[in-house]
Amino acid sequence: MRRAWQIGMIALARSQTIKRFMQSNRSTTELAKRYVGGANAIEAIDRAAVLADQGIKSSFFYLGEYVDTRELVEENLSALQRLIGMLGKVTIEGHISVDPTQVGCSIDWSLGASAYRPMAAALQSAVKGRSGQHCIMIDMEDDSVVERSIALHDNLFDEGYPVALTLQAYLRRTADDLASVIARGGRVRLVKGAFVANSDIAFVGERAIKANYYRLVDRMLSNEARKNGFYPIFGTHDHEIHAYVIEKATELGWPKGSYEFEMLYGARDDVATELAQKGEAIRLYLPFGTDWWPYAIRRIGENPKNLMLLTRSMI
Ligand code: FDA
């Protein structure tokens with residue numbers, strides 16, 4: 001049932017007709033506002049500043065998805081460079097999340113991969129001398145690009161650029177991939193994974209994926225990880241995992257702020273605020289831009305409880 005719901009939502013996300021209607025319809029702004037931090041970088045930074053006042057950090061994401069032309073790649077890169085330039089002028093500590101396909105990897109992998117270096121270099125120089133976890137976070141897409149995305153991260157990291165990597169608990173290979181970033185003393189955002197794959201390469205079913213997530217938490221909070229200066233980021237809304245991480249981190253002597261939780265803006269803001277008030281480091285994945293429909297509808301797909309929100313905005 002949940003799977004059928006998700007497939008339906010993905011079809012809605014990909015329909016150009018529905019997208020045009022929704023994005024040009026003023027009555028749908030409730031939906032956009034729920035999940036999107038602003039129509040442009042200035043509005044997103046303003047929103048991040050409000051969140052920062054509540055002790056919550058941001059991971060900016062420019063809404064330019066399903067990119068299939070070089071013109072769209074250029075548009076996305078310009079928007080990201082503008083954001084980086086602005087981050088240099090404010091005191092906000094920001095991650096910038098970037099999908100490989102968003103910057104051209106689906107057209108030509110080397111074209112997209114080559115876009116990350118100038119972005120990371122620009123961010124490095126924009127925030128020079130400032131403390132914090134500023135970085136380009138490489139989002140992870142389906143299993144066909146995992147190997148190349150990891151190589152991209154490793155090369156940039158080894159060259160000294162501020163990059164971090166998203167790894168997915170649903171993939172069997174993740175334990176080994178994580179070990180390699182822990183050995184480097186890098187940063188990993190661990191998510192369950194928004195994709196499915198066969199059982200030869202993946203854990204199948206919510207229970208098996210969650211069990212692997214717990215095993216990976218143990219590694220991310222191991223003594224070796226701490227000794228190497230590894231920075232763990234737990235990208236999940238799952239409160240049972242939050243509780244497990246906090247208990248484990250306390251037991252093993254990880255001070256608050258030496259690891260963080262990341263959630264999607266608009267998904268569980270109540271949980272984010274509560275954790276921030278308890279002194280936990282929290283970051284919200286903060287999308288911005290005008291092409292918001294595919295992103296918002298996928299968020300609804302992740303939680304059928306949001307059906308009312310969708311219905312209200314469509315009627
Ligand atoms: P899970 O689905 O297990 O649900 C736990 C609880 O949270 C439930 O109560 C559920 O209802 C609630 N919840 C979950 N999603 C919600 C939503 N959208 N709105 C309201 N409530 C919700 N995936 C990927 O493959 N590559 C990537 O790069 C990323 N990046 C990424 C960044 C960040 C910051 C997050 C939080 C997630 C991702 N993901 C991702 C998505 C991730 O893989 C996963 O699909 C979702 O986070 C859902 O899994 P959870 O563990 O969060 O919640």
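Lys-278 counts as exposed, at 52% relative accessibility. Its salt-bridge partner is Glu-274, with the closest N and O atoms 3.4 Å apart. Glu-274 is partly exposed, with a relative accessible area of 44%. This is a predicted model. The structure holds 17 salt bridges.

**Salt bridge Arg-173 to Glu-147**
- The side chains of Arg-173 and Glu-147 meet in a salt bridge, at 2.8 Å from N to O.
- Arg-173 sits in the loop between β4 (163-168) and α8 (174-184), and Glu-147 sits in helix α7 (residues 146-158), so this pair ties together parts that are 26 residues apart in sequence.
- Arg-173 is partly exposed, at 29% relative accessibility.
- Glu-147 has a relative accessible area of 52%; the cut-off for exposed is over 50%, so Glu-147 is exposed.

**Salt bridge Lys-210 to Asp-238**
- Lys-210 and Asp-238 also join their side chains in a salt bridge, at 3.0 Å from N to O.
- Lys-210 belongs to helix α9 (residues 206-220), while Asp-238 lies in the loop between β6 and α11, so the pair ties together parts that are 28 residues apart in sequence.
- Lys-210 is buried, with a relative accessible area of 16%.
- Asp-238 counts as buried too, at 14% relative accessibility. Buried means under 20%.

**A salt-bridge network**
- Lys-57, Glu-93, Glu-260 and Arg-283 are linked in a network of salt bridges.
- One of these residues, Glu-260, also has a place in strand pairing: Glu-260 in β7 is the bridge partner of Ile-233.

**Strand β6: cover**
- Strand β6 spans residues 231-235 and is mostly covered, with five of its five residues buried.
- In a regular strand, side chains alternate between the two faces of the sheet.
- Both faces of β6 are covered. Tyr-231, Ile-233 and Gly-235 are buried on one side. Pro-232 and Phe-234 are buried on the other.

**Strand β6: neighbours**
- Strand β5 (residues 187-191) runs parallel to β6, and four bridges join them.
- Arg-187 has Tyr-231 of β6 as its bridge partner.
- Strand β7 (residues 260-264) also pairs with β6 in the parallel sense, over three bridges.

How values were computed
Residues are numbered from 1 along each chain as its sequence is written. This is a predicted model: local features need pLDDT of at least 70, side-chain atom pairs count only at pLDDT 80 or more; totals for chains, interfaces and linings use all residues. Side-chain values use heavy atoms; hydrogens and water are left out. Buried means under 20% relative accessible area, exposed over 50%, partly exposed in between (1.4 Å probe, protein chains only). Helices (H or I, at least four residues) and strands (E, at least two) are DSSP runs, numbered from the N terminus. Two strands pair if DSSP finds at least two bridges between them. A salt bridge is a side-chain nitrogen of Lys or Arg within 4 Å of a carboxyl oxygen of Asp or Glu.
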